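Here are my notes on the model, as numbered points.

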Amino acid sequence: MLRLEKINITQFKNYKARAFDFSTRIIGIWGNNGLGKTNLLDAIHYLCFTKSYFGRSDAQNVLYGTNGFRIEGNFVINDLPENAVCILRETGKKEFSINHKVYERFSHHIGHFPCVVIAPDDAVLITGESKERRTFLDTLIAQFDKDYLQHLINYQKLLQQRNSSLKVFAETGKRDYSLLDVLDSQMTTPADYIFKKRASFLLAFLPRVIELYHEISQHNEKISLIYESSLHHTSFEALIKIQREKDLLLQRTSAGIHRDEIEIKMDDILFKNTASQGQRKSLLFALKLAEVQVLKEEKGFAPLLLLDDVFEKLDENRIENLLKMVCIENEGQVFITDTNKERLNNHLKNLNLQFQLIGI
Ligand SMILES: Nc1ncnc2c1ncn2[C@@H]1O[C@H](COP(=O)(O)OP(=O)(O)OP(=O)(O)O)[C@@H](O)[C@H]1O
Ligand SMILES: [Mg+2]
């Protein structure tokens, strides 16, 4: 079991100094626009992933006019207390410690407090570029497979090196084939690992997403999710060789696991081109709830679930349905924000579970 019991926030976004105690599993957070509901969820996200959910740099998250921030959380994992502290020093250096021991690498922390967020802009996961879906997939797998995360970091580093080398070759007119040989061979191990892991993981995960989608939408439209990768047909080692001349001309690496895609279709048409807003939202929830289930199975306890503004644009039935799935069928801790105290209170009361309401 994973619970966050207390958070202390100092100079983070609009919070000067504020502490919140969380005494229950279900927590409703209400307040008008711009008061700091999303910022509070992002502070929790920092404690789980050592960074913001919204892709902003650490410096941008410091309270304007001040230097550095500090976020401290008191967690409980399987009845044992854990203390996590994330500090951005005035120098701009970030430190993260667990039980007062500083991590050498932030990546070592990923997965320690598994966490899933559903936020308004997450629709890009469905409508955006393939990178959005790869990031979703990577964030999910990295939380229970440390080797995957390390291979991913290595691959990305090598990919950057390869791409900048290709640029230099074009600029100078000198091609260093032996350097390419080295980079290509170094990329093979992480590429193979990542491809195999994605393929085996998605084999079980994608059907689960479809099942959840049907449960949420209560419709029978035919949707399909398919893992597409050029590595299905050719090994990375062969692929990178075949593409070499093309890459030299394009000055970038044109094939590899960084181009993988999860193709989503409805009635054989690209989902993002045909689905209604409600259908997109249903699929988004299906992906995220499948993530919650997988993390629970892999870690042995349910992840934290941060639901930001999810009630917007959902009819009452769908809200009830969704809340049942995330608060009753899932036994993890859930944080839900809303601008409307009364609506939040009524929905949570209907669940017949203990809950806490926090006004910002
Ligand atoms: N670095 C920062 N320093 C100070 N204030 C900041 C910083 N970053 C963001 N803010 C402020 O935080 C506020 C937004 O907070 P947040 O997004 O948490 O609001 P919210 O309660 O979720 O609102 P909504 O209901 O509209 O989603 C804005 O007023 C913004 O100016
Ligand atoms: Mg918000």
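**Notes on the fold**

1. In β6, C86 has F96 as its bridge partner. The strands joined here are β5 and β6 (residues 94-98), an antiparallel pair with 5 bridges. Helices (H or I, at least four residues) and strands (E, at least two) are DSSP runs, numbered from the N terminus; two strands pair if DSSP finds at least two bridges between them. The two strands form a hairpin with 5 residues between them, and G92 in that turn has a positive phi of about 100°.

2. On provenance: this is a predicted model, in which local features need pLDDT of at least 70 and side-chain atom pairs count only at pLDDT 80 or more, while totals for chains, interfaces and linings use all residues. Residues are numbered from 1 along each chain as its sequence is written, and chains are lettered from A and ligands numbered from 1 in the order in which they are written.

3. The antiparallel strands β6 and β7 are joined by 2 bridges. K101 in β7 stands opposite I98.

4. These strands belong to an open sheet of 6 strands with antiparallel pairing, in the order β2-β1-β4-β5-β6-β7. β2 (15-21) and β7 (101-102) each have a single partner strand, so at these edges one side of each is left without a neighbour in the sheet. Further in, β1 (residues 2-12) pairs with β4 (residues 69-77) in the antiparallel sense over 8 bridges. I9 is bridged to I71 in β4.

5. Which strands does helix α1 lie across? The helix (residues 37-49) lies across β1, β2, β4 and β5 (80-88), and runs at about 110° to β1. Axes are lines fitted to C-alpha atoms, for helices over the stretch in contact, and angles run from 0 to 180 degrees between N-to-C directions. Two residues are in contact if their C-beta atoms, placed from the backbone, lie within 7 Å.

6. There is also an open sheet of 5 strands, paired in parallel and ordered β8-β12-β13-β3-β14. Its edge strands, β8 (115-118) and β14 (355-359), each pair on one side only. From one strand to the next the twist averages 15°. Strands β3 (residues 26-30) and β13 (residues 334-338) pair in the parallel sense over 5 bridges, with V334 in β13 as the bridge partner of I26. Helix α9 (residues 277-299) lies across β8 and β12 (304-307), at about 170° to β8.

7. The chain is divided into domain 1 (1-114 + 301-360) and domain 2 (129-300), with bounds that come from an automatic or database domain assignment. Their centres, taken over C-alpha atoms, are separated by 28 Å. Each domain gives 15 residues to the contact. On the side of domain 1 that touches domain 2, helix α10 (residues 316-328) supplies the largest share, 3 residues. That side divides into 9 nonpolar, 5 polar and 1 charged. Here Ala, Val, Leu, Ile, Met, Phe, Trp, Tyr, Cys and Pro count as nonpolar, Asp, Glu, Lys and Arg as charged, and the others, Gly among them, as polar.

8. Which residues come nearest to ligand 1? They are N14, N33, K37, T38 and N39, out of 17 residues around the ligand. A residue is near a molecule if its C-beta atom, placed from the backbone, lies within 6 Å of it. The shell consists of 4 nonpolar, 10 polar and 3 charged residues.
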